[in-house]
Amino acid sequence: MTAGGSTLGERWRAARPAPAGVHVDSAACSRQSHAVIEATAQHARHEAEVGGYVAAEAAAPVLDAGRAAIGALTGFAADDVVFTTGAGAALDLLLDDWRGPRTLACLPGEFGPNLLTMARHGYAVRHLPTDGAGRLDPDAAAAALAADPPGLVHLTVLGSHSGVVQPTAAVAAACRSHGVPLLVDAAQAFGQLDGVGIGAGIGADAVYTASRKWTAGPRGVGWVATRPGLLSEETLLRIGHAEANVAARVGLSVALGEYVAAGPDRIRQRLAEVGTVTRTALAGVAGWQVIERDDEPSAITTLRPPDGVDAAEVRARLIAEHRIVTTYLGVERAPGEMTRPALRVSPHVDLTDNDLDAIARALVTLS
C-alpha cells in the first residue's frame, strides 16, 4: 500500500473479490464487497422463497438503517431520504417537481447528462462565474445571484470530468441570502468529502447521489435527501409506489454500514492522500498532463493526453493489453468547459505503489 494507507487499504481490499488487474475507476463504479454482494443475492433468493413484497417487508429494518446512515452522513433526517434508481433519476424528480421559475444557475463544467435533463424539463440555464481552473468564484457568484436570482441553483460539487472540489459552503451562503433553493449533485463528492459539509450542514435543500461510486454499493440504485416540503406529497406518493430493485437497496444499505464502520474521516483522509500520490506519480509521464492541483482533496486525477494521442484508444488498450481500468472522458461530459478528451484515474483507499507503477509503465508504452 502507498504510505499511510496500509491497514485501511488492506482491509478494504481483503473484503472484496480480487481484482482482475488494476482497478482505478472508482469514480465510475467502485468494487463491491463480499458482504454487499451476498446481501444483494440473499434478498433475491428471499424474493424467490416468499415473494417480492413479503421479502421487501422483511428488509425494512435494513433499508431503515441505510436511510439512517445517509441522514447521519449528510445532516438530514432519515425520513428526508428517498431511494432512487440513481443520481440522474434523482435530478429528474427534483426538476420535474419544482413549481417555481424554471431558471437555473450552474457551473460551466456541469455534467452533460444533467444539462440534457435540465433542457428536457424546460429550464433556462445560466452559468455561475469560475476561475481558470473551473472552480467557482464565490464573490462573483454571490454578486450574480444578487443581481438576478434564478429559480434554482444546481451545484455539482465534484465534476465527472475533473477532481476540482467546489466551495459548496460559499454557494450555499449566497443562496440563503437571496432565497434561492440549492440542489447538490454529490455523485462524486459523497464518500470523498464531508457529507454534512455538502448537505444539511450548509443549508442545501437537496442532495443526491448514486450508490456505485465511493461508497461501493450496487449499480442501479441511489438516493436523494431533501428538506421537508421541497418535494410535493404527490411526488413522494408516486415514488413510494414505483417499481424498486429492493435487493440493490439492501446492498447499498450494507455498503453504507461498511463505510461508516471503516470510519468516514479516515476514508476521506486516505482518498485525499490517494489523489496526491497519484497526481505526483503520473504528472508528466510520457507527456500526459495532470489538470488538478497536487493537494486537491479528492482521489480523482484527470490526465490530458499529449498531442497526437487518442485518449479513447489508450483507455481501451489499457484494459485489453494491461488489465488497467480507467475512464475515457469525452468532451460531452462537460460540454461547457472541456475542449479536448482526457483520461480519468480514480483509485480507492486500497491503491498500492505497484498499481501506480503499472499505470505509469503502461502510459509510457501506449503513448
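Which residues of helix α6 (residues 112-120) are buried? The views below take up this question and several others in turn. The structure is a predicted model, in which local features need pLDDT of at least 70 and side-chain atom pairs count only at pLDDT 80 or more, while totals for chains, interfaces and linings use all residues. Residues are numbered from 1 along each chain as its sequence is written, and side-chain values use heavy atoms, with hydrogens and water left out.

**View 1. The buried residues of helix α6 and what covers them.** In helix α6 (residues 112-120), the buried residues are Gly-112, Asn-114, Thr-117 and Met-118. Buried means under 20% relative accessible area, exposed means over 50%, and partly exposed lies in between (1.4 Å probe, protein chains only). Helices (H or I, at least four residues) and strands (E, at least two) are DSSP runs, numbered from the N terminus. The cover over the buried residues of α6 includes α5 together with the strands β3 (103-106), β4 (124-127), β5 (152-156), β6 (182-185) and β7 (206-210). After α6 comes Gly-122, whose phi is positive, near 80°.

**View 2. A salt bridge between Arg-13 and Asp-355.** The structure holds 17 salt bridges, each being a side-chain nitrogen of Lys or Arg within 4 Å of a carboxyl oxygen of Asp or Glu. In this one, the side chains of Arg-13 and Asp-355 meet at 3.3 Å, N to O. Because Arg-13 lies in helix α1 (residues 6-14) and Asp-355 in helix α13 (residues 353-366), the pair ties together parts that are 342 residues apart in sequence. Arg-13 is partly exposed, at 26% relative accessibility, whereas Asp-355 is buried, with a relative accessible area of 8%.

**View 3. A salt bridge between Asp-350 and Arg-31.** The side chains of these two residues meet at 3.4 Å, N to O. Asp-350 lies in the loop between β13 (342-345) and α13, and Arg-31 in the loop between β1 (22-23) and α2 (34-50), so the pair ties together parts that are 319 residues apart in sequence. Both Asp-350 and Arg-31 are buried.

View 4. Elsewhere, salt bridges that share partners join Arg-13, Arg-31, Asp-350 and Asp-355 into one network.

**View 5. The crossing of helices α10 and α11.** The axes of helix α10 (residues 246-262) and helix α11 (residues 264-282) come within 5 Å and cross at roughly 85°; axes are lines fitted to C-alpha atoms, for helices over the stretch in contact, and angles run from 0 to 180 degrees between N-to-C directions. This makes α10 roughly perpendicular to α11, since angles of 65 to 115 degrees count as roughly perpendicular, those under 35 as roughly parallel, those over 145 as roughly antiparallel and the rest as oblique. Tyr-259, Val-260 and Ala-262 of α10 meet Pro-264, Arg-266, Ile-267 and Arg-268 of α11, where contact means heavy atoms within 4.5 Å.
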